[in-house]
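This report sets out computed features of one protein model. Please consult the sequence and the coordinates alongside the text.

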Amino acid sequence: MTRFLLVAVLSLFLSCDKINDLPPIGVPDLNDDLYFPSVNSENWETTTAAELEWNTEQLNDLSNFLEDNGTRAFIVLKDGKIVIEEYWGENILRTAPFTQSSSWYWASAGKTLTAFLAGLAQQEGLLNIQDKTSDYLGENWTSMPLEKENLITIRHQLTMTTGLDFTNGVLGCTDPECLTYKADAGTQWFYYNAPYTLLSGVIANAAGVSYNQFTNDQLGSKIGMGGTWREKDYNNVYWSTARDAARFGLLVLNKGKWGKTDILTDKNYYNDMVTTSQDFNPSYGYLWWLNGKEEVILPSFTEPLSTSIAPNAPEDLFAAMGKNGQFIDVVPSQNLVVVRMGEAPDESFVPAQFHDAMWERIGEMIE
């Protein structure tokens, strides 16, 4: 019954197991075991499931499952090397086959990229996540009384604890009239898209450059990631190839270091980003979803469920999760990164049942 409820509730996700707590700083560093592709080349070392002594019969089952469920791109990295890379169907315009060079949207999986960029901005001294949001967006960026607006910090935006009213039915609208008071910042958790979206303005204003330029200068050019942010209605959505997403996942797996190049040197920020960030939802960090926790508050809900995000996935998995099944999954204990991009496999916005079934098959393959 709990599993059915988990799937039903996650179907309401608008964007974007095991029950043991993770240690506060994750697993030991495995830097020496990781391979990193060149920043200036498309060449990427590979290995095979057979070389890793994975179950190749299960690999065929996984591939068929993914293709049957609308997947466009699927990549598995082990120790940084590509083990699986497959593409199906057509590109976003349906004018050509989907290939290694095809771009696709991250949806809310891009929230994790914003979290990483906020850490870089803080590292550069451009902002502090304890700063008031109004320091960067100006006063009256909401319709809240000024004394309540001034309670909201960048950290509240990163943790979904701004206190904005989630009952008004306009959770994506970033206009001030849509952003009204419900509770003091830091006293409630709710998956509210608008204050997240406004983080791009916070970071861009702090840096004095466009969000795309900051992303490329501080991150993309340093790891060979060539995506771009595109505005649509109120949303700011990241688009890239599956390999770009895999590069980001590999960077995060290695705790912000690309080979011997330090990108995010603030290890305290990194650890805070991928561990429980507040007292309400143990399964949420700084815009990352955390597996292996005893409870989770799911999007559109205010009370926790006694379950975790992905029962069949490793306990230490943390995930970027987006609409229609855009996933970047990071598993530190196994040096794994898994990327899935594609169409929705069912009618839910974020298909939890599909994600869990995918990990069930991955688990059978790598055992």
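The sections below treat the overall fold, the disulfide, the aromatic pairs and the backbone in turn.

## Basis of the model

The model is predicted: local features need pLDDT of at least 70, side-chain atom pairs count only at pLDDT 80 or more, and totals for chains, interfaces and linings use all residues. Residues are numbered from 1 along each chain as its sequence is written, and side-chain values use heavy atoms, with hydrogens and water left out.

## Overall dimensions and surface

The protein chain contains 12 helices and 11 strands; these are DSSP runs numbered from the N terminus, helices being H or I of at least four residues and strands E of at least two. Along the principal axes, the C-alpha atoms occupy a box of roughly 60 × 50 × 45 Å.

Of the 367 residues, 56% are buried, where buried denotes under 20% relative accessible area, exposed over 50% and partly exposed in between (1.4 Å probe, protein chains only). The accessible surface amounts to about 14700 Å², and carbon and sulfur atoms contribute 45% of that area. Such areas come from the Shrake-Rupley method with a 1.4 Å probe; for residues, only the protein chains shown count as cover.

The chain carries 24 positive and 48 negative charges, whose mean positions are 3 Å apart. Lys and Arg count as positive and Asp and Glu as negative, while His and the chain ends are not counted; the places used are NZ of Lys, CZ of Arg, CG of Asp and CD of Glu.

## The disulfide

A disulfide is a covalent bond between the sulfur atoms of two cysteines. With the criterion of a pair of cysteine sulfur atoms within 2.5 Å, the count is one. The bond joins Cys 173 to Cys 178, with an S to S distance of 2.1 Å. The link of Cys 173 and Cys 178 is right-handed, at 70° about the S-S bond. Cys 173 is buried because its relative accessible area is 7%, and Cys 178 also counts as buried, at 12%.

## Aromatic pairs

Rings of Phe, Tyr and Trp (its six-membered ring) pair if their centres lie within 6.5 Å; planes under 30 degrees apart count as stacked, over 60 as edge-to-face and the rest as tilted. The structure holds 20 such pairs. One of them is stacked: Trp 104 and Tyr 105, at 5.3 Å centre to centre with 20° between the planes. Trp 104 is buried at 1% relative accessibility, and Tyr 105 is buried at 15%.

Trp 106 and Tyr 238 form an edge-to-face pair, 4.9 Å centre to centre and with 80° between the planes. This pair links distant parts of the chain, 132 residues apart: Trp 106 lies in the loop between strand S3 (104-105) and helix H3 (110-123), and Tyr 238 in strand S5 (residues 235-240). Trp 106 has a relative accessible area of 1% and is therefore buried; Tyr 238 is buried at 1%. One aromatic cluster includes Trp 106, Tyr 238, Phe 116 and Trp 288 among its members.

## Backbone with positive phi

Most residues other than glycine have a negative phi. Asn 140, however, has a positive phi of about 65°, and this residue is placed in the loop between helix H4 (134-137) and helix H5 (146-149).

Leu 287 likewise has a positive phi, near 65°. Leu 287 occurs in the loop between helix H11 (267-273) and strand S8 (289-290), and is buried at 2% relative accessibility.
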